[in-house]
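I opened my notebook to look up a few features of this protein.

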Amino acid sequence: MLHSTTKKALAYATLLGLTANAFGTEPEQVVVSATRLEQTQTPLSSVSVIGKQAIDTVSHIHINELLNRAPGVWVSRGNGQEHLTAIRSEVLTGGGSCGAFYMAQDGIPLRAPGFCNVNQLFDANSEQAARVEVIRGPGTAVHGSNALNGVINVITRAPGEEPSTRLTAEGGPHDYSRLKLEHSQGNSTHRVGIYANGAHDGGYKEDSGFDQQKMTLRYDYTGSVWTSQNVLSATNLNQETAGYVLGQDAYKNDDLKKSNPNPEAFRDSQSARFYSRWEREGSQDTHFVATPYLRYTEMDFLQHFLPGTPLEENGQKSVGVQTAFFSNQGAHTSLHYGFDADLTESYLTQTQASASFTRFGTGFPSGKHYDYQVDATTAAWFVGGNWEPKAERELNAGVRYEIQRYDYDNLMIDGSTDENGVPCASPCRYTRPSDDKDNFYNWSGYLGYRESLSDNVDAVAHFSRGFRAPQASELYRLQEGQLNADLDSEEVINAELGLRGNWSRASASITAYRLEKDNIILQDSNRQNFSNGKTLRRGIELELSWHIRENLRLELQGSYAKTQYDNDVLGVEDNELATAPRQLASAQLKWQPLSATKAELEWVHVGEHYLDEANSREYGGHDLVNLRLAQGLTKGLELSLRVTNLTDEDYAERADFAFGNYRYFIGEPRSAYVGISAEF
């Protein structure tokens with residue numbers, strides 16, 4: 001059922017898709033994010049794949065340690081497990097900004113459409129994943145709202161038939177410890193796997209640290225007609241959060257590095273997901289996939305970054321289904337189409353425990369600020385296809401139409417008062433709109449073309465359009481007297497050209513793109529939400545893998561891009577966006593001098609970038625070096641050492657300028673982690 005293009009695509013997914021294998025060669029990678037079916041991935045979209053060996057080698061404490069291996073991607077670490085994401089964009093902040101990214105486990109979004117969270121990647125068990133797939137730029141027809149700037153899809157490990165158990169214990173500074181368990185067994189029909197880990201971190205900064213547990217249970221069935229993949233995953237995070245450190249270049253000040261201006265801050269988050277994916281191959285080269293799923297999340301956290309440090313409590317319960325039908329229309333053409341639906345019930349409250357006060361001419365009342373529920377319905381239809389008239393040429397295309405509906409119920413007094421209806425001494429910061437219903441109708445699409453220039457080099461052109469509907473928080477969590485947010489869906493147009501080469505000892509790809517985003521949801525000087533922003537990003541991305549010798553390999557990922565305001569709505573047209581480095585790069589030199597000895601030296605570069613819209617303040621960037629060693633002791637027993645920030649660089653994980661202050665999340669100094677792994 002595989003076309004020659006598909007076979008070639010699998011090779012590209014392995015060699016060019018940033019397999020980032022630790023030492024030697026990864027098993028041949030396949031990619032499901034583009035169409036939901038492994039055999040139909042094509043090399044036309046910009047896809048990076050971070051494989052199992054890389055995940056095990058990095059053994060990341062925070063997801064940003066892993067995702068820097070995809071060009072054009074920067075996950076900026078906050079404190080503990082918090083993060084902000086950039087994919088072909090600036091680091092996006094704000095309650096609805098996370099809607100620019102489709103973050104999923106096995107293709108199912110980690111949060112419901114319209115209810116993203118900027119930290120939602122901590123809901124996925126990436127520490128024990130089979131691979132992480134990253135689409136840079138808008139998603140394909142199988143992705144809906146939120147696949148605006150990119151897709152991050154964490155793929156669950158499949159259990160094997162042979163009984164296998166692996167236990168790993170790790171320890172490091174600040175009382176860090178982690179235990180991982182992996183077990184799988186089965187036969188040709190039934191296979192079961194359990195993947196669990198628990199971590200404790202005492203925290204580098206004062207009054208900080210976290211405890212985190214993750215578990216994935218998977219049962220696979222292979223019958224004569226149907227196959228199924230059933231996954232239950234659950235996570236729990238209890239975090240004591242350290243806030244920003246204030247003051248210019250505070251990350252270089254030894255007296256401030258470990259300080260915590262917000263010792264009272266915390267975050268508690270729980271999530272659970274279950275899905276059952278059923279597949280059937282029919283006669284006439286057809287394939288059907290249906291995946292019903294359930295999703296649950298709850299989170300409480302103190303908003304230390306807001307005056308009055310109010311407590312937010314939110315949660316969602318969802319039920320949904322994804323479907324896809326594939327068919328080959330002769331030797332040169334294949335089609336796929338399907339229907340998706342998601343039903344979600346959500347709630348959100350925000351409460352200020354401290355007494356009412358006024359700051360910056362704005363009132364911050366004691367008690368509840370928000371208490372609302374939103375029921376949401378999403379329905380979508382999509383169709384796509386691939387045409388390969390001959391092995392040297394390929395064309396693919398797809399389109400998706402999506403309807404997203406919100407039913408909002410305000411459980412408090414409408415308007416801008418305290419919870420009892422008493423006006424603030426100055427205009428209240430928070431506003432509660434009346435009950436409302438909102439509908440959004442959107443479409444996305446893509447068109448790709450490949451032409452082989454030689455046996456080793458392909459030229460690729462790709463054009464795509466993505467969207468994201470406004471998030472519920474942008475519509476109903478209003479401020480400064482705004483009683484209604486008349487918002488449009490954000491849209492993006494992405495065009496890219498690339499060359500991709502594959503030789504016996506090396507592979508490389510280079511992609512130039514232009515990404516134009518429109519109807520960006522912003523806040524004006526009165527903190528009112530509106531849709532009129534526009535940005536333009538132009539960039540180039542590079543991936544290289546070179547087998548210097550059989551036991552020595554170099555991999556490089558890099559990008560150069562400029563992101564600018566493309567209209568004058570904020571009075572800063574042509575200025576570069578804050579927290580948008582022009583240069584991002586990483587490289588790994590991998591050496592295996594003996595069969596049981598492995599070493600990896602990694603360089604990570606974040607370029608200088610502006611911290612404010614006026615482009616008057618900058619962060620100078622940083623370079624980090626990480627070292628990872630592994631030594632097999634006996635059969636099934638391995639000892640590992642990881643040293644992060646080997647050169648003990650003073651740096652900031654995140655820097656910005658707001659409310660008249662330089663603000664930093666401090667990067668940790670040189671740290672060494674020791675692990676021992678036993679496989680039975």
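**Disulfides**

I counted the bonded cysteines along the chain, and the disulfides follow the pattern 1-2, 3-4. The model is predicted: local features need pLDDT of at least 70, side-chain atom pairs count only at pLDDT 80 or more, and totals for chains, interfaces and linings use all residues. Residues are numbered from 1 along each chain as its sequence is written, and side-chain values use heavy atoms, without hydrogens and water.

I took a disulfide as a pair of cysteine sulfur atoms within 2.5 Å. That rule gave me 2 disulfides.

I looked up Cys-98 and found it joined to Cys-116, S to S 2.0 Å. The pair links distant parts of the chain, 18 residues apart. Cys-98 lies in the loop between strands S3 and S4, and Cys-116 in the loop between S5 and S6. (Strands are DSSP runs of E, at least two residues, numbered from the N terminus.) Both Cys-98 and Cys-116 are buried, meaning under 20% relative accessible area with a 1.4 Å probe, protein chains only.

Next I checked Cys-424, which is joined to Cys-428, S to S 1.7 Å. The torsion about their S-S bond is about 95°, so this disulfide is right-handed. Cys-428 counts as buried because its relative accessibility is 3%.

I then traced an open sheet of 3 strands, in the order S13-S37-S36, with antiparallel pairing. Strands pair if DSSP finds at least two bridges between them. S13 and S36 are the edge strands, each pairing on one side only. I found 2 bridges joining S13 to S37. Leu-246 has Arg-663 in S37 as its bridge partner.

Terms used. Helix = DSSP H or I, 4+ residues; strand = E, 2+ residues; numbered from the N terminus. Buried < 20%, exposed > 50% of the residue type's maximum accessible area, 1.4 Å probe, protein only.
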